[in-house]
Amino acid sequence: MRTNQWEARFVNRLNRFVALVDRGNGEHLEVHVPSSGRMEELLVPGAEVMVEPFAIDRGQKTVGRLAKVLHADGVWVSIDSHLPNRLMEKAIRDGRLAEFTGWEDLRPETVYGHSRLDFSLTLNGRRGLIEVKSVTLVEDGIALFPDAPTVRGARHVRELAMAAIKGYLAFLVFVIQRDDAYVFSPHRVRDPDFAEAVQEATVAGVTVLAYDCQVSPVDVELRRLVPIKL
């Protein structure tokens with residue numbers, strides 16, 4: 001997905017959702033950080049970033065959205081935690097994902113149990129649920145989620161497991177917003193409860209998938225399946 005963006009340098013993170021960037025000539029601007037993840041390995045002073053300006057000035061202090069960061073190893077990483085949902089929806093509707101061939105009635109934000117899951121659909125005549133997670137952390141070629149404990153994330157996974165037990169098709173999808181991972185794993189060190197929830201979900205019948213992305217300074221495209229290691 002291509003958007004209008006401008007270059008800057010990361011200065012520091014003022015809070016979870018606001019960062020300071022340097023557009024050059026000493027011009028420091030506040031931008032929205034569209035993710036609650038820590039991203040400590042990405043958001044380092046001086047890192048090259050791409051900012052997506054807000055289309056309409058609504059009087060907010062932030063002038064745009066921090067969209068991408070150039071990692072120290074030269075890999076562009078998309079950090080917008082909302083983008084994976086848009087990428088998945090487009091790929092399913094365009095028929096690009098073999099795992100979802102035969103879909104009908106794709107709907108976003110479906111309430112199931114005590115959670116709001118990302119999508120519902122009918123797949124080859126069966127009702128299904130999809131939860132999508134955004135991944136930005138890669139260590140030694142291993143994509144890892146989460147990079148900070150997520151009680152909400154574990155709850156979503158357990159709701160999917162209950163749905164699978166009740167006969168739904170249930171999918172847990174990790175979208176790796178970079179192209180340098182050869183495998184995906186739940187991050188047991190950062191959040192052992194989430195990793196345990198994923199393990200339990202697979203036993204219950206949840207299908208766990210991971211896709212990586214081709215990321216450039218101006219574009220992000222869902223690319224291919226990445227193997228899972230639980």
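Biologist: In the hairpin of β7 and β8, which residue takes a positive phi?

Modeller: In this predicted model, Gly113 takes a positive phi near 60 degrees, and the hairpin has 2 residues between the strands.

Biologist: How many bridges hold β7 and β8 as a pair, and in which sense?

Modeller: Strand β7, residues 103-112, pairs with strand β8, residues 115-123, in the antiparallel sense over 7 bridges. Within that pairing, Tyr112 stands opposite Ser115 of β8.

Biologist: Is β8 largely enclosed or exposed?

Modeller: Strand β8 is largely enclosed by the rest of the structure, because 8 of its 9 residues are buried.

Biologist: And which residue in β9 is the bridge partner of Thr122?

Modeller: That partner is Arg127. The strands β8 and β9 pair in the antiparallel sense over 5 bridges. Their hairpin also has 2 residues between the strands, and there Asn124 takes a positive phi near 50 degrees.

Biologist: Turning to the helices, at what angle do α2 and α3 pack?

Modeller: Helix α2 (residues 151-165) and helix α3 (residues 192-204) pack at an angle of about 10 degrees, and their axes are 9 Å apart. Angles under 35 degrees count as roughly parallel, so α2 is described as roughly parallel to α3.

Biologist: Which residues make the contact?

Modeller: From α2, the contact uses Gly153, Ala154, Val157, Arg158, Ala161, Ala164 and Ile165. From α3, it uses Asp193, Phe194, Ala197, Val198, Glu200, Ala201 and Ala204. Sorted by class, the contact has 10 nonpolar, 1 polar and 3 charged residues.

Biologist: Now the largest nonpolar core: which residues touch the most other members?

Modeller: Those are Leu172, Phe174, Ile176, Phe184 and Val206, in a core of 27 residues. The elements that each give two or more residues to this core are β9 (126-135), β11 (142-145), α2, β12 (169-176), α3 and β14 (207-215).

Biologist: Which element gives the largest share?

Modeller: Helix α2 does, with 6 residues.

Biologist: What does Phe184 touch?

Modeller: Leaving aside residues up to four places away in sequence, Phe184 touches Val135, Ala143, Leu144, Phe145, Phe174, Ile176, Ala210, Val226, Pro227, Ile228 and Lys229. Of these, Phe174 and Ile176 are also named among the core residues that touch the most other members.

Biologist: How many residues are in the second core?

Modeller: The second core has 25 residues and is separate; Leu97, Phe100, Cys213 and Val215 are among them.

Conventions. Residues numbered from 1 in each chain as written. Predicted model: local features only at pLDDT ≥ 70, side-chain atom pairs only at ≥ 80, totals over all residues. Heavy atoms only, no water. Axes fitted to C-alpha atoms, helices over the stretch in contact; angles between N-to-C directions. Helix = DSSP H or I, 4+ residues; strand = E, 2+ residues; numbered from the N terminus. Parallel < 35°, antiparallel > 145°, perpendicular 65-115°, else oblique. Contact = heavy atoms within 4.5 Å. Nonpolar A, V, L, I, M, F, W, Y, C, P; charged D, E, K, R; others polar. Core = buried A, V, L, I, M, F, W, Y, C linked by side-chain atoms within 4.5 Å. Buried < 20%, exposed > 50% of the residue type's maximum accessible area, 1.4 Å probe, protein only. Pairing = 2+ DSSP bridges.
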